[in-house]
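Hi,

Here is the structure I promised to pass on. Have a look at it first, and then read my notes below.

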Amino acid sequence: MDPLVLEHVYHTYNGQPALSDVSLRFHEKKITAVVGRSGSGKSTLLQVLNGMLRPGQGKVFFQGQPFDYSRAAALRLQMGYVIQGIGLFPHLTVAQNILINTRLQRSTSGADSLARMHLLMQLMNLPEAYGKKYPHELSGGEQQRVGICRALLPNPTVLLMDEPLGALDSITREDIQREILQLQQSEQRTVVIITHNPQEALALGDYIVVLEAGKVLQYDTKENVLKSPANALVERLTTTRSV
Ligand SMILES: Nc1ncnc2c1ncn2[C@@H]1O[C@H](COP(=O)(O)OP(=O)(O)OP(=O)(O)O)[C@@H](O)[C@H]1O
């Protein structure tokens with residue numbers, strides 16, 4: 001079952017369309033990269049997926065059920081969410097930051113959470129000793145890795161990422177891209193990652209969505225997007241470094 005489905009979704013801000021007739025099925029245990037220019041509607045799309053925004057028109061399904069906005073906060077806890085500049089709590093250690101979602105959910109025992117934290121830190125190349133550090137003692141890339149560990153600690157079925165690597169240098173980006181792929185091999189989940197960088201979309205995505213002015217220009221496997229770009233704009237998006 002595809003865990004996230006949008007049917008004919010429209011969203012406007014002050015009468016200005018941000019999403020227009022977006023229908024997408026995000027495939028189970030696959031990475032879908034959403035690429036598009038600034039202002040194309042990528043963040044709006046992600047916020048519609050996690051129920052932070054209720055679209056003006058159209059349907060949103062999560063795990064086969066129409067999204068229940070009266071339970072949005074509880075449903076959101078089942079989705080990991082990673083954003084650029086991650087929002088770690090500065091007064092909490094790395095370990096406390098990573099474990100914060102478990103405290104909210106009370107879903108796993110303390111020992112299980114600690115074991116999972118160590119596993120995730122290992123997969124994201126964070127030395128165990130970093131658990132005692134504070135966010136300001138880490139580099140931007142390390143902070144972003146902590147944010148990914150935090151989002152994944154409750155083992156969500158879905159992981160949503162909004163430009164998670166946008167502020168990083170290209171070498172750190174590529175390192176973290178490799179770690180994300182490694183994580184996906186060891187525990188497969190449905191991942192939606194937003195990026196304005198076509199190279200990143202191609203590096204990470206099994207599927208690619210190309211958004212332009214709130215509309216889906218193309219949605220297909222990476223291979224098909226590369227082989228048969230829907231139009232000249234998609235071709236440009238997939239052959240340029242960033243848009
Ligand atoms: N809260 C808001 N109020 C009014 N307009 C908004 C709001 N959020 C986004 N918009 C507008 O909606 C459109 C889509 O914005 P969105 O942030 O979804 O695009 P994006 O592709 O994520 O852009 P970027 O890559 O620059 O973050 C843009 O024209 C933007 O100005």
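A quick definition to start: helices (H or I, at least four residues) and strands (E, at least two) are DSSP runs, numbered from the N terminus. This is a predicted model, where local features need pLDDT of at least 70 and side-chain atom pairs count only at pLDDT 80 or more, while totals for chains, interfaces and linings use all residues. Residues are numbered from 1 along each chain as its sequence is written, and side-chain values use heavy atoms, with hydrogens and water left out.

Start with Asn 14, in the loop between β1 (4-13) and β2 (16-26). Asn 14 isn't a glycine, yet its phi is positive, about 45 degrees. Asn 14 counts as exposed because its relative accessibility is 81% (exposed is over 50%, buried under 20%, partly exposed in between, with a 1.4 Å probe and protein chains only).

Asn 125 is another non-glycine with a positive phi, about 55 degrees. Look for Asn 125 in the loop between α4 (110-123) and α5 (140-152).

Next, Gln 47 sits in helix α1 (residues 42-49) and is partly exposed, at 24% relative accessibility. Leaving out neighbours within four places in sequence, Gln 47 is in contact (heavy atoms within 4.5 Å) with Met 52, Leu 53 and Tyr 81. Asp 162 is 115 residues away from Gln 47 along the chain, but their C-alpha atoms are separated by 9.4 Å.

Cheers
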